[in-house]
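The sequence and model come first.

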Amino acid sequence: MNSRNYIKIELPSRSVNEGIARAAVACFAAQLDPTLEELGDIKTAVSEAVTNAIVHAYPDSIGKICIRARILSGGELEISVRDWGKGMDDVEKARTPLFTTGGPERSGMGFTIMESFMDKLRVRSKPGKGTTVVMRRTLEKRRED
């Protein structure tokens, strides 16, 4: 699928960078004229994906996170968040609500939240190689009066 426009951002897996990723993708998505609700959903999904990479991919070190966003035909926004960290043995188990490897302070709802705010969610992971989360959301064309 050809994209009309795209961005690529690479950040260290520091918690302070979650806000940068969230804001950058929101600014990029703004060209599709989203509603405030759509924009909030996108920001929340990006926050969850980036936070997962920070907390789970690199629990004891600082690694690299790459965020890509692109606009596809029909007003579809695709966002991918990739890390080269620990990876997961069982993606389906990780996607189960309330499952977490991050300790008692983590809710285990990251993938569930991403899935609820986006139209499509795909997760690929290999132990020792990292994880890629790809999310898509079609933004409704607003009527021009």
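## Arg-136 and Glu-78

Arg-136 and Glu-78 are both buried, where buried means under 20% relative accessible area, exposed over 50%, and partly exposed in between (1.4 Å probe, protein chains only). For Glu-78 the relative accessible area is 11%. The two side chains form a salt bridge with their closest N and O atoms 2.7 Å apart; the term stands for a side-chain nitrogen of Lys or Arg within 4 Å of a carboxyl oxygen of Asp or Glu. Because Arg-136 is in strand β5 and Glu-78 in strand β3, this pair ties together parts that are 58 residues apart in sequence.

This is a predicted model, in which local features need pLDDT of at least 70 and side-chain atom pairs count only at pLDDT 80 or more, while totals for chains, interfaces and linings use all residues. Residues are numbered from 1 along each chain as its sequence is written, and side-chain values use heavy atoms, with hydrogens and water left out.

## The salt-bridge network

Glu-78 also meets the side chain of Arg-70 in a salt bridge, at 2.6 Å from N to O. Arg-70 is partly exposed, with a relative accessible area of 24%. Salt bridges link Arg-70, Glu-76, Glu-78, Lys-120 and Arg-136 in a network.

## Asp-41 and Arg-137

The whole structure holds five salt bridges. One joins the side chains of Asp-41 and Arg-137, with an N to O distance of 3.0 Å. Asp-41 belongs to helix α2 and Arg-137 to strand β5, so this pair links distant parts of the chain, 96 residues apart. Asp-41 is buried at 12% relative accessible area, and Arg-137 is buried at 12%.

## Fold and nonpolar core

The protein chain has four helices and five strands, arranged along the sequence as β-α-α-β-β-α-α-β-β. Helices (H or I, at least four residues) and strands (E, at least two) are DSSP runs, numbered from the N terminus. Of the chain's 145 residues, 45% count as buried.

The largest nonpolar core contains 34 residues, of which Ile-67, Ile-79 and Met-135 touch the most other members. Such a core is a set of buried Ala, Val, Leu, Ile, Met, Phe, Trp, Tyr and Cys residues joined through side-chain atoms within 4.5 Å. Two or more residues each come from β1 (3-12), α1 (17-29), α2 (36-57), β2, β3, α4 (110-117), β4 and β5 (130-138). Helix α2 gives the most, with nine residues.

Lys-43 is also in helix α2. Lys-43 is partly exposed, with a relative accessible area of 27%. Its C-alpha atom is separated by 9.5 Å from that of Phe-117, 74 residues away along the chain.

## Positive surface patch

Which residues form a positive surface patch? They are Lys-8, Lys-64, Arg-68, Arg-82, Arg-122 and Arg-124. Strands β2 (64-72) and β4 (120-126) are the elements that give two or more residues to the patch. Arg-82 is found in strand β3 (residues 76-83) and is partly exposed at 37% relative accessibility.

Patches are made of residues with over 30% relative accessible area and no salt bridge, with like charges joined within 9 Å and nonpolar side chains (Val, Leu, Ile, Met, Phe, Trp, Tyr) within 5 Å. Lys and Arg count as positive and Asp and Glu as negative, while His and the chain ends are not counted.

How values were computed. Accessible areas come from the Shrake-Rupley method with a 1.4 Å probe; for residues, only the protein chains shown count as cover. The place of a charge is taken as NZ of Lys, CZ of Arg, CG of Asp or CD of Glu.
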